[in-house]
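Please open the sequence and the model side by side before reading on.

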Amino acid sequence: MSARFAIRPGNTSPLGATPSDNGTNFALFSERASKVEICLFDQSGHSEIARIPLYRDEQGIWHIFIRGVGQGQLYGYRVYGDYNPKKGHYFNANKLLLDPYAKSLFGEFNWGNAHKADEAYRHLDSATDMPKCKVSVLPHYQGTRPNIPWHKTVIYECHVKGATKLYPSIPEELRGTYLGLAHPNFIWHLKSLGVTAIELLPVHSFISEAFLPERGLSNYWGYNTLNFFTPHLAYAHTNQEQEFQQMVSVLHEAGIEVIVDVVFNHTAEGNEQGPILSLRGIDNQAYYRLQQDNFAFYVNDTGCGNTLNISHPKSLQLVMDSLRYWVQVYGVDGFRFDLASILGRDQDGFKKHHTFFQTLAQDPILKGIKLIAEPWDLAIDGYQLGNYVAPWREWNDQYRDTVRSFWRGDSSILPDFARFFHGSSHLFEKKGRSVTSSINFITAHDGFTLADLVSYNNKHNLANQEENRDGHDHNLSHNWGFEGATDYTDINALRLRAQKNFLLTLCLSNGVPMLCAGSEVAHSQSGNNNAYCQDNEISWIDWQSDVLDDTQQHPLYQFISRALKLRSEFSLYRQSQFIHDDDPRFSVSWLNEHGALMQGTDWHNPNGHCLGYLMEDIQDDKALLLLFNASSKNVMFKLPEQEAHHCWRIRLYSYCDERDEECLAPGQTLLLNSYSAWVLSSHIKMPANQQEKNDTSHTFNLTKQGV
């Protein structure tokens, strides 16, 4: 079927399809294959018009140059060799395979018998139900990156579809798409909120697991990757590659960075019962980690059936080439690595200086790109929070759980709350890392939404059709007296206050704050804390027309905006160093309700739920006072009365809005309502000895204060 095409041996680099003026070069790695054929398809993708064998070099690169084949040509591979799953081989020429380096895909994936792992279906051809690779080349990104430093970064985690699917002031045809995120009205929403970066749930092409369509469900989150180079088709209006580029460019023009969630720990091919789609059929042993005592089974440190073999040079190259491509071609500003510990793992366990980390650190194209780790996986030594090295940042789930416990009123939590609020130095500083190493969050896509965190004691995941077995059980949530939505005014007022407490804590903690989309409008998933398969109103944010203009904003939206403006006002949050006793810029104190320094008895009181945080900015002559009362009782808190302080001005608090900007005298007693958080500020004139830091009575050192 190749007589109509002029062919010759091609180049072995770069891998993938590389078009030129008179043809296209194809290159594919497979160390163990006995033969590789490229299949060319007509424009419909339904009819195979040629099947051409490739040449092999001594390093396992299969290559060919086909004259007259250019951009837009559809293709796939058939790879021959031993089919012996017990030995880890899945070569089967009946399966059309995607090029791991495909830059564009055409058509949709459909589950069918040809994809089943059963021996009875081995002979079936899968081409009909597979998308086709498309020869494509995009120009490099030409926009100007915002290059926002970490200490000025505020992250907004969102889903491409869910963020704008129900957004009322975006044209309906653009809702739920890349261009929906780039619409001026949504950008206004982000900017006025105070966001500097959006972190998108996976945008690599992905498919649903086989069991989901059988239940009438689909993979919504996208952590089931089909290809590492192509934007997901379903989020496009017409052309996914061009529209993703356009989205990034428009967001950059608005000063907003784009971080993408990448899944390099596993693929959609699943376990040994999964489909043969790409890497498994090309060279299973090279691309996946297999159990060393039985190659029939995969190492499953991901919980998703397989684990990418990042220790193999060609798997490592695949990941690195993908990262470079998304930076150079699509212009993204950073990556959040799902189950990142997998990428530092070999047969002997996790290594913080794994080849992947070293390769990434020296890459000139990726220099300066934001790198965020989800610092765990499911292996025995998988939990690695605090063990990454600069310039990595890490999702801090201990921060999340500690803040949740504090505001739930749990006992003996004050010392931990203070440590995490002040930047988690016990996790990061000893390794020479900065205070921005911690990505602080209260909620994320995985788990309860913020509104559900204060509305449900238990998960309600029946809609996932797994009999409520899926999802976390340890949520540290509190429903305030009623499970789920209610019309009780008092309970709803408490829930609103509780959400404000979380948000104020998050926005004014040291570290990098990450908001979960929908928190600003109290989005609820009706208690579903694992909505990975809910591509519907459960997950889509219901904006309720609250975001049309600045007179119709949700109270939580206004609260977040004000809190982030306060954050930007104080230089403590505009620097990257941990604060110590000898710091010439700041003095930090922890206060009890009497306005005195916290003592050991205060810190270790199991029933202590009240805390003051005083930060004095020596250079800017400002003082910031945060007061937290997580108890069920009102507390009379004596304000600091140092001579240097002018009046204390109430800037923000969670109880209500009636006392904004009210001024209180130093030493005055302020009634802290139960379950409330307050922010006050003052101008100061530090005495000379304090400016010289000779007076060390005000110190953030928790050890000196009895912890």
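What follows is a guided tour of cores, rings, strands and some backbone details.

First, the ground rules: this is a predicted model, in which local features need pLDDT of at least 70 and side-chain atom pairs count only at pLDDT 80 or more, while totals for chains, interfaces and linings use all residues. Residues are numbered from 1 along each chain as its sequence is written, and side-chain values use heavy atoms, with hydrogens and water left out.

Let us begin with the interior. In soluble globular proteins, nonpolar side chains tend to be buried together. Here a nonpolar core is a set of buried Ala, Val, Leu, Ile, Met, Phe, Trp, Tyr and Cys residues joined through side-chain atoms within 4.5 Å, where buried means under 20% relative accessible area, exposed over 50% and partly exposed in between, with a 1.4 Å probe and protein chains only. The largest such core has 177 residues, and Y156, F244, F337 and F356 touch the most other members. Its largest share, 8 residues, comes from helix α7 (residues 313-328). Helices (H or I, at least four residues) and strands (E, at least two) are DSSP runs, numbered from the N terminus. Apart from this core lies another, of 19 residues, among them C656, L664, L670 and L680.

Contact means heavy atoms within 4.5 Å; beyond residues up to four places away in sequence, L664 touches L639, C647, W648, I650, R659, L670 and L680.

Leaving aside its neighbours within four places in sequence, F337 is in contact with V262, F264, L323, L343, F356, L371, I372, A373, E374 and W392. Two strands pair if DSSP finds at least two bridges between them. Strand β20 (residues 334-337) pairs with β23 in the parallel sense over 4 bridges, and the bridge partner of F337 in β23 is A373. On to the next strand: β23 and β24 (residues 393-395) also pair in the parallel sense, over 2 bridges, with R393 in β24 as the bridge partner of I372.

Which residues of β23 are buried on each side? In a regular strand the side chains alternate between the two faces of the sheet. In β23 (residues 370-373), K370 and I372 on one side and L371 and A373 on the other are all buried, and both faces are covered.

Now for the rings. Rings of Phe, Tyr and Trp (its six-membered ring) pair if their centres lie within 6.5 Å; planes under 30 degrees apart count as stacked, over 60 as edge-to-face and the rest as tilted. The structure holds 48 aromatic pairs. In one of them, the rings of F228 and F264 have centres 4.9 Å apart and planes at 55 degrees, so the pair is tilted. F228 lies in strand β16 (residues 225-231) and F264 in the loop between β17 (257-262) and α6 (279-287), so this pair ties together parts that are 36 residues apart in sequence. F228 counts as buried at 5% relative accessibility, and F264 is buried too, with a relative accessible area of 1%.

Y101, Y178, F206, F229, Y235, F244, Y325, W326 and Y330 form one aromatic cluster. A charge sits over a ring if NZ of Lys or CZ of Arg is within 6 Å of the ring centre and within 35 degrees of the ring normal. K103 lies over the face of F229, at 4.9 Å from the ring centre, and R336 lies over the face of W395, at 4.0 Å.

Finally, some backbone details. A cis peptide bond joins A390 and P391, with omega about 15 degrees, and P391 is found in the loop between β23 and β24. Another cis peptide bond joins S13 and P14, with omega about 0 degrees. S424 has a positive phi of about 60 degrees although it is not a glycine; this serine is buried, with a relative accessible area of 0%.
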